[in-house]
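Open your viewer and get ready to click along. We'll go stop by stop, selecting a few residues at a time and looking at what sits there.

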Amino acid sequence: MLTLAGEEHVALRFRGRADFSVPKEFQSQLTDQDVKTSLLLPHTFTLGASHKVTKRLLLTLEATVTTWSTLKAILLEFADPSLKATLDRQWQDTVTIRAAG
């Protein structure tokens, strides 16, 4: 049996509260506040094959490609716009091979 599957980008949105622990000198500048971000997860493509060798033995092989390189940066948006932060990412695509029997 041969199977091909793919998953589209998945959009995720996060909202939360940033809790800063800073020296007293900076407490007036860096206060706890709301923060939000969103991520667009990468595509995945999977190709799998299986073969029933005997009544009790099934061999399987699967390869998955994940396009991590499409996620270039993560933008953190704080309630205070001067704290906006971009976490640059230089991720590379991955290939995962699995076999079982």
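One definition before we start: contact means heavy atoms within 4.5 Å. Now some ground rules: this is a predicted model, where local features need pLDDT of at least 70 and side-chain atom pairs count only at pLDDT 80 or more, while totals for chains, interfaces and linings use all residues. Residues are numbered from 1 along each chain as its sequence is written, and side-chain values use heavy atoms, with hydrogens and water left out.

**Stop 1: Thr 96**

Select Thr 96, which lies in strand 8 (residues 94-100). Strands here are DSSP runs of E with at least two residues, and helices are runs of H or I with at least four; both are numbered from the N terminus. Which residues does Thr 96 touch, not counting those up to four places away in sequence? Show Glu 62, Ala 63 and Thr 64, and you have the answer.

Is Thr 96 buried, partly exposed or exposed? Buried means under 20% relative accessible area, exposed means over 50%, and partly exposed is in between (1.4 Å probe, protein chains only). Thr 96 counts as partly exposed because its relative accessibility is 29%.

**Stop 2**

Val 95 has a relative accessibility of 58%, so it counts as exposed.

**Stop 3: salt bridges**

Side chains of opposite charge can pair when their charged atoms come close. How many salt bridges does a search of the whole structure find? It finds 2, where a salt bridge is a side-chain nitrogen of Lys or Arg within 4 Å of a carboxyl oxygen of Asp or Glu.

Select Glu 62 and Arg 98: their closest N and O atoms are 2.8 Å apart. Glu 62 lies in strand 5 and Arg 98 in strand 8, so this pair ties together parts that are 36 residues apart in sequence. Glu 62 is partly exposed at 29%, and Arg 98 is partly exposed too, at 43%.

Next, pick Asp 34 and Arg 17, whose closest N and O atoms are 3.2 Å apart. Asp 34 is in strand 3 and Arg 17 in strand 2, so the pair ties together parts 17 residues apart in sequence. Asp 34 is partly exposed at 46%, whereas Arg 17 is exposed at 54%.

**Stop 4**

Switch to cartoon view and find the 4 strands that form an open sheet in the order 2-3-6-7, with antiparallel pairing. Two strands pair if DSSP finds at least two bridges between them. Strand 2 (10-18) and strand 7 (85-88) stand at the edges with a single partner strand each, so one side of each has no neighbour in the sheet.

Strand 3 (residues 33-41) is joined to strand 6 (residues 73-78) by 2 bridges. Click Lys 36, and then its bridge partner in strand 6, Glu 77. Between strand 6 and strand 7 there are 4 bridges; one to look up is Leu 75 with Thr 86. A hairpin of 6 residues joins strand 6 to strand 7.

**Stop 4: Leu 57**

Finish in strand 5, at Leu 57. At 31% relative accessibility, Leu 57 counts as partly exposed. Which residues is Leu 57 in contact with, leaving aside neighbours within four places in sequence? They are His 51, Lys 52 and Gly 101. Leu 57 and Gly 101 are 44 residues apart in sequence, yet 6.5 Å apart in space, C-alpha to C-alpha.
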